[in-house]
Amino acid sequence: MNTSKRDVVVSSRIRLARNYEDLPFSPGETARSAESCSQRTLEALSAENAQADYILYRMNEMDDVERYYLAEKHLISFDLIRKSETGSAYIRKDEQVSIMMNEEDHLRIQAIAAGEDLSNSALMIYRIEDALQKHVRFAFDTKLGYLTACPTNAGTGMRASLMLHLPMLTADKQMGIVNQTVAKLGLIIRGIYGEGSEALGHLYQISNQATLGRTEEEIIRAVLTVGDKLIDMERALRLKAHTMEPVKTEDQIFRSYGLLKYSRSMPQKEFLSHWSNLRLGISLGRLPVTMDSADILLEDAQDAHVMKWAGSPVTGDRLDERRCARIRRHLSRRNNGR
Amino acid sequence: MLCEECKKNEATILLSLVINGQNTQKHFCSECMEKLKMSFVKGDIQTLHAALFSALITAKEEKEKYQCTRCGMTYKQFKDTMKLGCAQCYQDFEEPLKPILLRIHVNSQHRGRVPFMSREEQERMDAISALRNRLDEAVRDENFEDAAVYRDQLKELTKEGGGV
């Protein structure tokens with residue numbers, strides 16, 4: 001992992017979309033073809049002796065808390081949850097790799113890493129794809145590349161993305177311009193939590209739009225180049241704020257830290273805004289919390305995580321109370337380890 | 001082919017139109033083409049419109065006749081959902097898909113990773129072309145012993161894939 005960018009980059013993700021050549025794509029999916037898709041994947045993994053590294057999650061055998069828990073960890077997508085009958089996923093035990101089955105495409109192979117680690121993530125999924133390809137045939141055309149259910153993914157089938165924490169660019173109202181500039185470069189930037197002008201937690205995902213005609217390396221390079229530019233802009237603004245208005249900046253950070261540490265009830269939306277200030281404070285070296293811990297907290301304090309921890313699907317006020325208990329526990333721990 | 005305007009005379013002129021980024025073609029006989037030209041010159045917008053509009057409709061009908069030979073998906077079904085039914089759809093909808101793919105990706109030729117089968121094929125082709133170069137060089141240098149080895153290796157390689 002490239003720890004040097006950790007102050008802005010929360011995580012990196014790469015996914016490949018692949019379809020079995022002879023099976024109908026998702027619009028024409030039948031119970032039988034879906035089963036066939038799962039079976040082939042299982043056989044290919046077994047043939048590679050990799051099956052034991054993965055856990056199989058079938059959507060139709062899970063309750064909502066379990067499903068959303070995995071989605072909050074970005075190990076499965078909300079689209080997979082909607083495929084509640086046929087959707088399933090192999091998740092590697094280290095939670096760095098997931099292979100979703102019967103989502104929009106037969107396979108969505110995904111690697112996820114903390115911080116900026118796109119190149120390693122890419123190598124990881126190439127290895128998995130190579131292993132699977134020894135046993136199966138994916139739909140491919142020499143002109144159009146890998147064929148996908150939606151033509152927007154054809155070609156490499158690759159989506160490379162960085163999750164960025166951009167509180168100062170957001171406060172400076174620059175995200176509108178950033179959006180337009182990024183679009184011209186064939187990339188797309190969107191809020192992770194909630195659409196609209198303000199992304200909750202000031203978290204954004206930047207990824208490639210086009211998948212055909214550019215190699216995987218070119219796609220990754222484009223995302224990294226624009227990512228680096230945004231990192232520079234965000235850092236400059238953070239430095240400016242901390243130098244020009246130290247009291248205002250620190251007040252914002254410590255207020256949020258205090259609320260996170262001592263509150264007794266907090267809705268998710270409010271949590272995300274304080275979490276953003278917490279992460280900002282850590283990046284400025286003002287808080288006794290590690291970046292790892294803050295990023296783990298981001299997942300741990302979300303609804304499905306809190307429910308799973310509570311052991312029952314609590315809702316409303318009870319959920320917000322349990323969330324606070326979880327946050328307090330997290331921040332009071334020495335070294336903030338998990 | 002008969003003129004698409006009067007449907008009587010033999011069409012001799014192919015008119016290509018790009019309307020709203022859609023490329024359509026219409027066949028005219030010289031007589032009708034002349035009328036069309038005159039309507040343009042005289043500013044008879046109605047005749048001109050009618051002729052062009054019919055060309056557009058034809059183009060639309062053309063597109064709707066597309067249907068996948070494997071899964072049966074129609075082009076209209078695809079347009080409604082933007083999802084294709086199977087790998088064959090890409091071939092059977094090749095024409096109408098072209099502008100869509102170009103609009104999304106700004107490119108139309110895949111570059112990047114290819115499946116194993118193609119990769120092996122690629123490696124074999126690379127090996128063959130390298131051997132051919134070496135063979136040429138050996139012959140040029142009158143190094144016939146090496147040339148014989150390369151020739152045998154080439155024979156072996158080209159045999160595998162059913163000849164190149």
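Which side chain does R113(B) meet in a salt bridge? Select R113(B) and D130(A): their side chains form that salt bridge, with N and O 3.0 Å apart. Here a salt bridge is a side-chain nitrogen of Lys or Arg within 4 Å of a carboxyl oxygen of Asp or Glu. Side chains of opposite charge can pair when their charged atoms come close.

Before moving on, a word about the model. It is predicted, so local features need pLDDT of at least 70 and side-chain atom pairs count only at pLDDT 80 or more, while totals for chains, interfaces and linings use all residues. Residues are numbered from 1 along each chain as its sequence is written, chains are lettered from A and ligands numbered from 1 in the order in which they are written, and side-chain values use heavy atoms, leaving out hydrogens and water.

**Stop 1: where the chains meet**

Show both chains. In contact (heavy atoms within 4.5 Å) are 37 residues of chain A and 27 residues of chain B. Together the chains bury about 2900 Å², 60% of it from carbon and sulfur atoms; buried area is the accessible area (1.4 Å probe) that two parts lose on being put together, summed over both.

The interface has 4 salt bridges. Next, colour α4 (118–133), β7 (145–146) and α7 (216–244) of chain A: each supplies at least two residues of the side that touches chain B. Helices (H or I, at least four residues) and strands (E, at least two) are DSSP runs, numbered from the N terminus. The largest share of that side, 4 residues, comes from α4(A).

**Stop 2: the largest pocket**

Select R13(A), H74(A), S77(A), F78(A) and Q205(A), which lie nearest the centre of the largest pocket among its 37 lining residues. About 1200 Å³ of space lies in this pocket. On a 1 Å grid over the protein atoms alone, a pocket is an open set of points with protein on both sides within 12 Å along at least five of seven lines, a cavity is a set where a 1.4 Å probe fits but cannot get out, and lining residues have an atom within 4 Å of a point. Elements giving two or more residues to the pocket lining include β1 (9–18), α3 (78–82) and α11 (303–310) of chain A.

**Stop 3: a cavity**

How many cavities of 30 Å³ or more does the structure hold? There is 1. To find the largest cavity, select S11(A), S12(A), R13(A), S161(A), L162(A), M163(A) and Q205(A), which line it. Strands β1 and β8 of chain A each give two or more residues to this lining.

**Stop 4: a pair in one helix**

Finish with R255(A) and D251(A), a salt bridge whose closest N and O atoms are 2.8 Å apart. These two residues are separated by about one helical turn because they are 4 residues apart in helix α8 (residues 246–262) of chain A. Over all chains, the count comes to 34 salt bridges.

Terms used:
Grid points are joined across faces, edges and corners, and a volume is the space filled by probe spheres set on the points.
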